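Colleague: I want to learn how to read a helix pair. Please take me through one.

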Amino acid sequence: MQLEAMYQEVILDHYRNPHNKGLREPFEGEAHHVNPTCGDEVTLRVHLDGEGQDATVADVSYDAMGCSISQASASVMTDLVIGKSVKEAMAVGEEFLALMQSRGRDTEPDEDVLEDAVAFVGVSKYPARIKCALLAWMAWKDATARALGEAS
Amino acid sequence: MTGTLLPEELKKDFPLLRRTVRGGRPLVYLDSGATSQKPVQVLDAEREFYERHNAAPHRGAHLLSEEATEAYEDARASIARFIGAVPGEIVLTKNATEGINLVAYAMSNAATAGPEAERFRVGPGDEIVVTEMEHHANLVPWQELCRRTGATLRWFGITDDGRLDLDGLDDLVNERTKLVALTHQSNVLGTVPPVQRIADRAHAVGALVLLDGAQSVPHQPVDVASLGADFLAFSGHKMLGPTGIGVLWGRRELLEAMPPFITGGSMIEVVHMENTTFMPPPQRFEAGVPMTAQAIGLGAACDYLAAIGMDRVQAHEEALTAYALERLTEIPGVRIIGPGTSEARGGAVSFTVEDIHPHDVGQVLDELGVEVRVGHHCAWPICRRFGIPATTRATFYVYNTLADLDALADGVRQAQKFFGTA
């Protein structure tokens, strides 16, 4: 079965034991995103330290409801962006987006950049699930833009 | 088991069902509630029209146009016969959604139409009644009508076992009610509400009744003469017909009094630069060159279903539903969302699997070649009502077999095994 390729152990681990879950204070930006095709939802907060693109992502907290892919992706995402500058974190987000849009063709994702997120390579072969994997990332981008808007 | 199954040879009429999926697995198609597969008889009817008779109906005096007009109107007659209507009461639309919008917009447009449209006018103080189990297609158009006109939207709730809660019937449907819009069979719960009882109350207070028949007309005998409704909307693609064709049936005197929704060519009588008069129904509601091949395909689908017999179709699905409920409920952790018996219910079986999100259940099933729908099925308020994010839904049709349901039940158990929940 191809299922193991999609649901890699690292994804199931993050799904069962999500990192950084729960909504926390302080935060400068918050976003609520919904996947209208399946009803999955995420509310996500961003706390930045500093200003502009060089600000450090001090915390990302979230509350989410959805499938294993969307939940695991949110968990992996927080691990990847917390502690980085906004600029670096956005670059990682772009890399993940490119992986999701690869349809499984470019199967050599950069593990140094994406870390646990390389496990989502199997998901990119299933167009219906790509949105699940991107839900938290899109909410994070949105919340960060709001945080930066307030900061400037 | 109740109901008699249709012969399995019927499946041979559906070329798509012969294909394989996901690494050569046989296809088990359990998503006919979203859209049905098409028999060769429907595909041939469309092809023959394009190969032999293609022209714009109701235009020009050449032979092909005459043939196209005849084929289009023959299709309308087949569709009318299928639901016990007369052809003049059959408005051909894009789908059920457009049919419902046609009535909602006619009610908006009534505000500036002549006195004949009086009974369609709505405004502040008037009420439109729907139910909590509506597909978005029979909810959002009414929300929007209320927003545009200042009327109030009210709704029937759902009981814990997925039936319509009719306790407040006399309060909900009252002298202020202009229209009651409800499903004839829930696309999520499978519930078939007691239409006659609701229609009797509605008519007693002078309200109109619109039925969303998208999930009923394909699956049970429907006779508009005894239905109790004033309008019935349904889609062709859910009943073995092509996409892009649907039907709005309306009582003749109502269609006569209704202002148009979409305007343009074909629906006019006389056009001046200053003003225009409109054709009588059904042409008044069919602006533009119609979906001719699609209508012919739907006519062929109606003839195909009529040849089987809709009572046999219903009995077949009742048997499948009873078996599906039995196979699914014996799996620990499976919860049926909707009536737990096949009584007053159609073949849409929604369920949740404890600790596995429907999207993940659907993924495992898909890997096994079992195609179901997951999500809120365009009826989000139902999920909220039952406190769940989504469901997995299996829907049946003439070509499904008991073996398909065994594959479904086995797949659910495999999902539990894969995610380690059982």
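Colleague: What is the handedness of the crossing of α10(B) and α13(B)?

Modeller: A crossing is left-handed if the near helix is turned anticlockwise from the far one by less than a right angle, and right-handed if clockwise. The crossing of α10(B) and α13(B) is right-handed. This is a predicted model: local features need pLDDT of at least 70, side-chain atom pairs count only at pLDDT 80 or more, and totals for chains, interfaces and linings use all residues. Residues are numbered from 1 along each chain as its sequence is written, with chains lettered from A and ligands numbered from 1 in the order in which they are written.

Colleague: At what angle do the axes of α10 and α13 of chain B cross?

Modeller: Two packed helices are described by the angle between their axes and the distance between the axes. Here α10 (residues 310-329) and α13 (residues 402-418) of chain B have axes that cross at roughly 20 degrees and come within 10 Å. That makes α10(B) roughly parallel to α13(B) (angles under 35 degrees count as such).

Colleague: Which residues of α10(B) and α13(B) meet?

Modeller: Contact means C-beta atoms, placed from the backbone, within 7 Å. From α10(B) come L320(B), Y323(B), A324(B), R327(B) and L328(B). They meet L402(B), L405(B), D406(B), L408(B), A409(B) and V412(B) of α13(B). By class, this contact has 9 nonpolar, no polar and 2 charged residues.

Colleague: How many helices and strands does chain B have?

Modeller: Chain B has 13 helices and 17 strands. Its C-alpha trace spans about 70 × 55 × 35 Å along the principal axes.

Definitions and conventions:
Axes are lines fitted to C-alpha atoms, for helices over the stretch in contact, and angles run from 0 to 180 degrees between N-to-C directions. Helices (H or I, at least four residues) and strands (E, at least two) are DSSP runs, numbered from the N terminus. Angles under 35 degrees count as roughly parallel, over 145 as roughly antiparallel, 65 to 115 as roughly perpendicular and the rest as oblique. Two residues are in contact if their C-beta atoms, placed from the backbone, lie within 7 Å. Ala, Val, Leu, Ile, Met, Phe, Trp, Tyr, Cys and Pro count as nonpolar, Asp, Glu, Lys and Arg as charged, and the others, Gly among them, as polar.
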